[in-house]
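Please consider the structure shown below. The paragraphs that follow lead through a group of strands, a pair of helices and a loop residue.

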Amino acid sequence: MEPRVGPAPDAAPQVRPYHHPAAGWGAAKSVTRVLVEERELVDGPRAIMRMNHENGGFDCPGCAWPDDTKGLRLDICENGIKHVTWEMTRKRVDRAFFAAHSVTELAGWSDYDLENQGRLTEPMAYDPESDHYVPISWKEAFEVVGAALRGLDDPNRASFYTSGRLGNEATFLYQLMARELGTNNLPDCSNMCHEASGRALQAALGTGKGTVDLKDWESADALFILGVNAASNAPRMLTALAEAERRGAQIVHVNPLVEAAATRTIVPHEFLDMALFKSTRTSTLNLQPRIGGDMALLRGMAKAVLEQSASDPKALDATFVERHTAGFEEYRALCAATPWEELERQSGLSRADILRAARVYTEADRSIVSWCLGLTQHEHGVDTVREIVNLLLLRGNIGREGAGPSPVRGHSNVQGNRTCGIDHRPTEAFLDRLADACGIDPPREHGLDTVRTIQAMRDGEVKVFVAMGGNFALAAPDTPATYAALRSCDLTVQVSTKLNRSHVVHGRAALILPCLGRTEKDHQRKGVQRTSVEDSMSMVHLSLGMKRPASPHLLSEPAIVAGMARAALPDSETPWDWYIEDYDRIRDTMAVALDGFEDFNRRVRLPLGFRIKQPARELVFLTPSGRAEFSTAALPDVVPEPGTLALGTMRSHDQWNTTIYSDDDRYRGVKNLRTLVFMNRADMRERGIADMGAVDITSTAKDGSHRHLKGYTAVPYDIPRGCAAGYMPEMNVLCALGDYSTQSDQPIMKHVKVTIVPAAGG
């Protein structure tokens, strides 16, 4: 069954060009609508003013953009408020709900309707005889998990998935449980999002993270934003962009679609601007490469820098290159040997456009390059991110204020998950420290990532699948294959706050274990507990829930992990119960086990927490050469074959990951429609497709197999020829399970090869 997402439209679809600033009154109106619908007109605004920070302020459980460095109390965004009110809803999914609705019935509901039922209230187990979920005690639920894990003939027949919502303390206990069991099968959402970034930065700089912080954003002379839809994916970035424009910084957006965030904004907490409808520009240059053409653009910019340095030595920081890099001469020769004609063909941009971007770069003393999934979800994602580093190295834009690489992580703690041990390819150094700190003998062989976990479930090699948060059934590629894989398991366990597709696409046995949300108080034996998260710029801070839990039967994520671990590891010497009494105890162990977390409990209580040390920021490169490494990868051929298009999946504005708030996409001018494909008007004419005409979409996988979506609506849009775009998760069905990058193992969600034709009989 293909995923059904979003509420049924109650009005005809509409598409109109959007010409207004990002955020501003449109965001305010949207937030008000959500507060009214969720009946949170009192508690909602109160949470906005003080959410999870003891001294006031808003700690967003949505995106991973850092907290404002100047102590701004209203550093909030539309999506953050939606996320909080969606969690704070008064609606409940209790035993009476499950008694009234079979799983077969629920499987026919839209995903919007599933989540819109409200908060889960108690643990539930699937009863195959009645086809209903039925109540189960926490003790019984943990024993079901424990018995299943103890009964495996090989611990690698279990896989433990993590979404980016999991806090650091629960993350640490979760990976500890898996490794004490004997497996490194720890897939996570990074495997589908920023795996390419981590691998590229690790190879080039010896660190898997960006080197900049928010203060660097506040002092950069030029910002290059590649493959990012900031208004929807990291809305608080709009504040940084507006401030950069006002101080005269150059802002270059690179994206096949010119998104609203790349035009103008009215920042909601700037009340005078709101009152006067005064907007601020958020870009000085917009470039629209073809899908996958970013690497050619970056190499063209590097070629321009090197050519300029022949007559202007200041264009190249020769001293930095000589002292701190390796492989420069090979890279210089590669750029010289790459013809401008090929750079234009692959990027889809003119030489003049590339030189315009290069001029911005060479005229800036300090530059930051930031990127998101528009660069990573490609076959050549690792090479593209390494090309970013190449460009930065040419002018010494590493290891100094206002400069460096800055990946935009999506979810609130996806970076913290990886830092705290969710990694199917752990280093020997990490495992050695974990062994010493926790007294276990962790497995040394690599485990399964997300794609290989799905393959292993499908093939009967993984029998037990545990998911901490997220909506795996919809987030993963090749929806029918993922559904079949989950249904092949002996047991699936979903730790969640709300009902979603992954609860109705389940194994032969299935558990729903409801947990506290980040907005809720976490009472343990030693009092109300705090958890920590790491933002996308390596700042770690505490989060304190302030609302009464949605149900007295909810457990915290650390407590759920500990309960499963006690049942699965009855002879374990790990003090699981002792840890849960006081999370400071978990943090004390983390301080010993994790590099950069020394003196954890003291430092995390500082006003803004602490920043994990970044050796590359100090020009210490933990690479084989001890220097920053230039990459000399060949340019990929990204020009679509005749008759085909390159399709990229993306989120709508009224959406957060797989959670759909409505069928609207305000910033792209869409109302009451999600089953659409954005196309270049010339491509539509060439195929005989009318505006808003019905079309059939067919993808061709690497193995030659085909996948289909029928009856979609073609929407003409400002997108380069040969390119198309549409919404995930509906379009995940088009990305074959085997279509993952050989560089990063990420599903190639942003570069699906498709044909689009008028719908049969349309």
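**Strands, helices and a loop**

Strand β18 (residues 464–468) and β19 run parallel and are joined by five bridges. Strands are counted as paired if DSSP finds at least two bridges between them; helices (H or I, at least four residues) and strands (E, at least two) are DSSP runs, numbered from the N terminus. Within this pairing, F465 stands opposite T492 in β19. The model is a predicted one, in which local features need pLDDT of at least 70 and side-chain atom pairs count only at pLDDT 80 or more, while totals for chains, interfaces and linings use all residues. Residues are numbered from 1 along each chain as its sequence is written, and side-chain values use heavy atoms, with hydrogens and water left out.

On β19, six of the six residues are buried, so this strand is largely enclosed by the rest of the structure. Buried means under 20% relative accessible area, exposed over 50%, and partly exposed in between (1.4 Å probe, protein chains only). L491, V493 and V495 point one way from β19, whereas T492, Q494 and S496 point the other way.

Strand β19 (residues 491–496) is also joined to β20 by six bridges, and these two strands run parallel. Here V493 has L511 as its bridge partner in β20, and V495 stands opposite L513. Strand β7 (residues 124–127) is joined to β20 by two bridges, and this pair runs antiparallel. The bridge partner of A125 in β20 is L511. Of the six residues of β20 (residues 509–514), five are buried.

Attention now turns to two helices. The axes of α8 (residues 168–181) and α29 (residues 583–593) come within 10 Å and cross at roughly 65°; axes are lines fitted to C-alpha atoms, for helices over the stretch in contact, and angles run from 0 to 180 degrees between N-to-C directions. The two helices, α8 and α29, are therefore roughly perpendicular to each other, since angles under 35 degrees count as roughly parallel, over 145 as roughly antiparallel, 65 to 115 as roughly perpendicular and the rest as oblique. N168, E169, F172 and L173 in α8 meet Y583, I586, R587, T589, M590 and A593 in α29, where contact means heavy atoms within 4.5 Å.

Finally, R157 lies in the loop between α7 (138–150) and β9 (158–162). R157 is partly exposed, with a relative accessible area of 27%. Leaving aside neighbours within four places in sequence, R157 is in contact with L152, G460, E461, V462, K463 and V464. R157 and T453 are 296 residues apart in sequence but 9.7 Å apart in space, C-alpha to C-alpha.
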